[in-house]
Amino acid sequence: MSDTVTLKRTLKLPSLVIFGLAYLTPLIVLGIFGVIASETGGASASAYLLALVAMLFTANSYGRMAAAYPVAGSAYTYVRKTIDGRVGFLVGWATMLDYLFLPMVIWLIGGSYLQAQFPGVPMAVWIVGFIILTTILNIVGIKVADRVNLILMSFQVLVIVFFVALSLADVVGTQGGPGLLSASPFTGIGSSVIAIGGGAAIAAYSFLGFDAVTTFTEETIDPRRTVPKAIMLIAIIGGGIFVIVAYAVQLVHPGGVFENSDAAGFEIAQRIGGHLFGAVFLAALVIAQFTSGIAAQAAGSRLLYAMGRDGVLPRRFFGKLSPRFHTPVLSLLAIAAIGLIAIFMNVATSTSFINFGAFLAFIMVNVSVIVYWAKERRAGRHCGVVLYLVCPIIGVIVIGFLVSQLDVHAAALGSIWLVIGAVILAFTTKGFRTQPSELALDEVEAAE
């Protein structure tokens, strides 16, 4: 593999938005509907609306940084460019919890769905099948993965549309036309501001991934303009879908009491559409996991590639691209290998790895925008106070609240991972006295 091989710029705005939505997995709103409805006392629409508003502040910060530093690496790159290379390494290390383990969780959930439907087939078979298919698609190239994502996302959106339509038809059939207009999905039954806030903290997990498109910056045409637009569109479209679906389904089932809150979406699907639609809904959940796995593995491989290219991870392994496919093949294979751990884990344990790293990255990207604003101001250049100062400060406060909602296991595992990263950093920087190596921004831009 040659050091002169670069990522190829082929992605436009629609492709980026589709990748981001695939990462978000819009159908997840139905997968965890029962959990959020139970938490909020039936005010799930308010929880998602509050989460959407909250996440837009951080989405703005990612957009500001993507325009300032149009290279792969996401939060890792933004922090090291604005604050410090050592802090950037630790943020990148923490972010790896999200980018490395999320594909594993996605493949594990997909395998769980299929094993429930076909109990005679070992779950390991489904997990390995997911990993092989997504890895091949991502190795062949981002353009091929983009086309597959478009087809599968179209099916996922179609199922969501049918689910909402059948939900509204069920309401009309039982309550008449006036039943479609109700404040109940926003107010709940005996709900409270605290309950809705707790539900929003859970709902915010559904937004994890709007930032992932920043890892495709070096494969995007005109990234300074395209990536910030894509980030905001993904957050708004994804959040809009979440609110609309939560509203419609909450009309069908007011309140937050279920026989099994984890399976509430599937039970409601069978109620409004019979066993046939229940089967279609299950198929859509599996396909949603597949498309999300494609996007998550692709995004994670770009983070590893950026850190490998900079030399903070082994350059000869992670910092290489395939001269034939122009993709980080070894990084993709590393994530595939990590995904095999899913065979020995359960969903509850594996998801605890993710949220700590994601929220830490969100906080530090908001801080990066504030530092960037201060540096530009000292240099005599103007940046808008609202977008570069006020919004990031609100973003830090909001994400700080979400961090406080993490369970003790997530915080403990995340802290242990961060300590390991600090030990590695101390070793590679001679006790934090030197900066980690990096590839200069102009070197990347010169290779375009």
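This is a predicted model: local features need pLDDT of at least 70, side-chain atom pairs count only at pLDDT 80 or more; totals for chains, interfaces and linings use all residues.
Local features are given at pLDDT of at least 70 and side-chain atom pairs at pLDDT 80 or more, while totals for chains, interfaces and linings use all residues. Residues are numbered from 1 along each chain as its sequence is written, and side-chain values use heavy atoms, without hydrogens and water.

Helix 7 covers residues 123–140; helices are DSSP runs of H or I with at least four residues, numbered from the N terminus. Its 18 residues should span 26 Å at 1.5 Å a residue, and the end C-alpha atoms are 26 Å apart, so the two values agree. The expected span is 1.5 Å times one less than the number of residues. Just after helix 7, Gly-141 has a positive phi of about 145°.

Among the buried residues of helix 7 are Met-123, Phe-130 and Asn-138. Buried means under 20% relative accessible area, exposed over 50%, and partly exposed in between, with a 1.4 Å probe and protein chains only.

Two residues are listed with their accessibility.

| Residue | Relative accessible area | Class |
|---|---|---|
| Val-128 | 31% | partly exposed |
| Asp-84 | 16% | buried |

Val-128 lies in helix 7, whereas Asp-84 lies in the loop between helix 5 (75–82) and helix 6. Leaving out residues up to four places away in sequence, Asp-84 touches Val-79 and Gln-435, where contact means heavy atoms within 4.5 Å. The side chains of Asp-84 and Gln-435 make a polar contact at 2.7 Å; this term requires a pair of N or O atoms within 3.5 Å, within protein one able to donate a hydrogen and the other to accept it, and residues adjacent in sequence count only if both atoms are side-chain atoms.

Technical notes:
Helices (H or I, at least four residues) and strands (E, at least two) are DSSP runs, numbered from the N terminus.
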